[in-house]
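Hi,

Here is the structure I promised to pass on. Have a look at it first, and then read my notes below.

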Amino acid sequence: MPTIEIISGKHAGSSFAFEKSTQVGKDETCQIRLTDAGVSRFHAEFYIEGGTAHVKDLGSSNGTYVNFKKRGKEEVSTLDDQDIVFFGRTVTKYWKDAPPPSGGGVSLELLRSTAPIAGQPQEIQFKDRIREAEQVEVIRRLRLHEVEQGTLDRLLGEARG
């Protein structure tokens, strides 16, 4: 069953399976209720149409990001397995089926694509200014800048290897 796993934010570790329309927001009527300051009362909606999952921003103040790209108000995005969706500072991961038993968490592949790797030329690290801004946003939202240096070095070492 399609599932949304919360991988960062106040509700990290929670997951929500859905078969029909499921709203995300602060309002207590939302099936996925997030108390994140950057989340609107009725922020977004997940739904299945023709066997394909979609997310639609419901006119939220801070927008909905799918795979690090901001989507417009009322914009519908098709979701693929393991897509990353941001609501405010809350990071979620879409699973076509249930997440693995150990939880999906933040993959090393995500770190590889968001953290610059020492020794690579600047033009390889950051293809353009937009990509750099996306990387900074991911690091900020995942709060990697708040991780102690030893842990961050270990994560970056694993991402490089």
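What follows is a short tour of the fold, the sheet, the aromatic rings and a few backbone angles.

First, some ground rules. This is a predicted model, so to speak of local features I need a pLDDT of at least 70, and side-chain atom pairs count only at pLDDT 80 or more, while totals for chains, interfaces and linings use all residues. Residues are numbered from 1 along each chain as its sequence is written, and side-chain values use heavy atoms, with hydrogens and water left out.

**The chain as a whole**

The secondary structure comes to four helices and eleven strands. Here helices (H or I, at least four residues) and strands (E, at least two) are DSSP runs, numbered from the N terminus. Of the 161 residues in the chain, 40% are buried; buried means under 20% relative accessible area, exposed means over 50%, and partly exposed is in between (1.4 Å probe, protein chains only). The accessible surface is about 8,800 Å², and 49% of that belongs to carbon and sulfur atoms. Those areas come from the Shrake-Rupley method with a 1.4 Å probe, and for residues only the protein chains shown count as cover.

**The sheet**

Five strands make an open sheet with mixed pairing, in the order E4-E3-E5-E6-E9. Two strands pair if DSSP finds at least two bridges between them. At the edges sit strand E4 (32–33) and strand E9 (76–78), each pairing on one side only. Strand E3 (residues 22–25) runs antiparallel to strand E5 (residues 44–49), with three bridges, and threonine 22 stands opposite phenylalanine 46 in E5. E5 is also joined to strand E6 (residues 52–57), again antiparallel, by six bridges. There, alanine 44 is opposite aspartate 57 in E6. The hairpin of E5 and E6 has two residues between the strands, and glycine 50 takes a positive phi near 60 degrees in it.

**The aromatic rings**

How many aromatic pairs does a search of the whole structure find? There are four. Rings of Phe, Tyr and Trp (its six-membered ring) pair if their centres lie within 6.5 Å; planes under 30 degrees apart count as stacked, over 60 as edge-to-face and the rest as tilted.

Take tyrosine 65 and phenylalanine 86: their ring centres are 6.2 Å apart and their planes are at 75 degrees, so this pair is edge-to-face. The pair links distant parts of the chain, since tyrosine 65 is in strand E7 (residues 64–66) and phenylalanine 86 is in strand E10 (residues 84–87), 21 residues apart. Both tyrosine 65 and phenylalanine 86 are buried.

Phenylalanine 86 also pairs with phenylalanine 68, with centres 5.7 Å apart and planes at 55 degrees, so that pair is tilted. These two are 18 residues apart, with phenylalanine 68 in the loop between E7 and strand E8 (69–71). Phenylalanine 68 is buried, at 14% relative accessible area, and phenylalanine 86 is buried at 1%. Elsewhere, Phe18, Phe46 and Phe87 form one aromatic cluster.

**Two backbone angles to look up**

Most residues other than glycine have a negative phi. Phenylalanine 68, though, has a positive phi near 75 degrees. Glutamate 74 is not a glycine either, and its phi is positive at about 70 degrees. Glutamate 74 lies in the loop between E8 and E9 and is partly exposed, with 44% relative accessibility.
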